[in-house]
Amino acid sequence: MLVLVTGGAGFIGSQVVTALTAAGHGVRILDALLPAAHRTAPPVPEGMEWRQADVRDRAAVEEALRDVDAVCHQAAMVGLGKDFADAPDYVGCNDLGTAVLLAGMARAGVRRLVLAGSMVVYGEGRYECARHGIVRPGPRRGAELDAGRFEPPCPRCGEPLAPGLVDEDAPADPRNVYAATKLAQEHLAAAWARAVGGHAVSLRYHNVYGPGMPRDTPYSGVASLFRSALARGEAPRVFEDGGQRRDFVHVTDVAAANVLALSGAGEVSEGCLRAYNVGSGEPHTVGELAAALARACGGHAPVTTGEYRLGDVRHITASSRRLRDDLGWKPEVRFVDGVAEFASAALRG
Ligand code: UD1
């Protein structure tokens with residue numbers, strides 16, 4: 001199979017390229033090398049077909065799609081960005097880019113798509129109230145966060161909630177611009193699948209970490225920010241009270257999920273999009289991540305600052321059972337091992 005990997009020079013895309021190649025597939029890369037993600041141009045993988053272009057460039061997309069059997073769409077602007085002024089760039093890269101790509105696929109007769117989705121589409125995760133069962137807390141308010149009340153209370157009785165695992169049928173509730181663009185990508189892909197009889201999969205990634213993670217940009221994930229601080233001889237700065245929970249999934253496990261989804265996309269009925277959560281199944285708090293990285297680096301103990309980012313969710317952890325049941329995926333990298341390897345890259349500089 002010849003697969004076009006958009007964003008194939010990026011953190012996740014490059015690992016997808018490696019995994020696809022190892023599985024015997026042909027790969028063509030389309031990547032704009034956005035400066036936010038690439039401070040220096042990455043080396044072009046040897047023997048790889050490669051185009052430097054933006055997914056919004058119709059002509060480049062049309063040319064890149066020639067003879068392709070499937071598309072793995074990783075190109076995106078990620079993270080929360082600097083402020084709301086980033087909104088047009090997010091919508092342009094993520095949604096207009098996806099629309100141009102899908103229109104090109106429709107014209108070229110390419111009927112298979114795997115999309116890099118995100119857990120952010122769920123908003124706050126799943127919570128249970130002792131009295132009211134499963135509830136959906138609204139966005140956390142600045143005044144509550146200023147007062148150090150980070151846990152969202154039950155929207156009906158105000159009592160504390162127990163966080164749980166979100167599954168793919170949970171309603172979408174995007175809470176920031178990035179989340180809105182990731183959800184719109186799924187809707188566009190579903191519309192494309194219906195219109196052309198295509199097969200679409202959205203892999204809703206949890207917090208991906210591992211080698212090649214972008215460093216020191218407003219778009220870097222927390223694991224990368226902590227590691228950079230440790231490498232500078234500083235303490236990792238943990239926001240809120242450090243108790244916010246995430247699922248840190250290793251980039252090679254995410255790449256393996258992409259290969260399975262591309263090969264097994266036949267499982268998805270024609271004309272449909274099927275979503276899968278991709279998480280390690282081993283949730284940790286951000287405080288635990290900071291402590292584990294600091295230990296592994298032998299660096300400064302983390303400081304918990306009480307700062308917060310408006311629009312952040314408190315806890316988001318998912319069940320990846322559907323991915324396991326449908327496609328036989330299971331994560332191979334345990335948190336303790338992945339974090340140790342990730343930290344050692346900081347020590348090497
Ligand atoms: C991350 C991804 C997003 C993905 C989502 C899926 C990044 C930049 N974002 O969002 O693309 O769709 O997971 O679940 O990779 N924090 C600190 N100190 C810091 C920075 C952040 O404590 O210096 C905290 C934040 O307040 C937050 C947590 O770390 O509670 C995670 O932040 P971040 O890595 O930006 O990821 P998400 O917002 O979860």
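Helix 6 is mostly covered, with seven of its ten residues buried; buried denotes under 20% relative accessible area, exposed over 50%, and partly exposed the range in between, for a 1.4 Å probe and protein chains only. The model is a predicted one, in which local features need pLDDT of at least 70 and side-chain atom pairs count only at pLDDT 80 or more, while totals for chains, interfaces and linings use all residues. Residues are numbered from 1 along each chain as its sequence is written, and side-chain values use heavy atoms, with hydrogens and water left out. Helices (H or I, at least four residues) and strands (E, at least two) are DSSP runs, numbered from the N terminus.

The buried residues of helix 6 are Ala223, Ser224, Phe226, Arg227, Ser228, Ala229 and Leu230. Helix 6 (residues 222-231) packs with helix 8 (residues 286-297) at an angle of about 35 degrees, and the two axes lie 10 Å apart. Axes are lines fitted to C-alpha atoms, for helices over the stretch in contact, and angles run from 0 to 180 degrees between N-to-C directions. The crossing of helix 6 and helix 8 is right-handed, a crossing being right-handed if the near helix is turned clockwise from the far one by less than a right angle, and left-handed if anticlockwise. Val222, Ala223, Phe226 and Leu230 of helix 6 and Val286, Leu289, Ala290, Leu293, Ala294 and Cys297 of helix 8 make the contact, where contact means heavy atoms within 4.5 Å. By class, the contact of helix 6 with helix 8 comprises ten nonpolar, no polar and no charged residues. In this classification Ala, Val, Leu, Ile, Met, Phe, Trp, Tyr, Cys and Pro count as nonpolar, Asp, Glu, Lys and Arg as charged, and the others, Gly among them, as polar. Just after helix 6, Gly233 adopts a positive phi of about 80 degrees.

Helix 1 passes helix 7 in a right-handed crossing. On the helix 1 side, Phe11, Ile12, Gln15, Val16, Ala19 and Leu20 meet Val251, Thr252, Val254, Ala255, Asn258, Val259 and Leu262 of helix 7. The contact of helix 1 with helix 7 contains ten nonpolar, three polar and no charged residues.

Within helix 1, Phe11, Ile12, Gly13, Gln15, Val16, Val17 and Leu20 are buried. These buried residues pack against strand 1 (2-6), strand 2 (26-31), strand 4 (70-73), strand 9 (199-205), strand 10 (207-209) and helix 7. The end C-alpha atoms of helix 1 are 17 Å apart, in agreement with the 16 Å that its twelve residues should span at 1.5 Å a residue; the expected span is 1.5 Å times one less than the number of residues. Helix 1 is followed by Gly24, which has a positive phi near 90 degrees. Helix 7, with 13 residues, reaches 19 Å from its first C-alpha to its last, close to the expected 18 Å. Buried residues of helix 7 include Val251, Val254, Ala255, Asn258, Val259 and Leu262.

Helix 3 (residues 87-108) and helix 5 (residues 177-196) pack at an angle of about 10 degrees, with axes 9 Å apart. The two helices, helix 3 and helix 5, are therefore roughly parallel to each other. The residues of their contact divide into 14 nonpolar, four polar and two charged. Leu183 touches Val121, Ala172 and Pro174, not counting residues up to four places away in sequence.

Two residues other than glycine have positive phi values. Leu33, with phi of about 50 degrees, is in the loop between strand 2 and strand 3 (49-52) and is buried, at 14% relative accessible area. Asp67, with phi near 70 degrees, lies in the loop between helix 2 (58-64) and strand 4 and is exposed, at 63% relative accessible area.

Technical notes:
Parallel < 35°, antiparallel > 145°, perpendicular 65-115°, else oblique.
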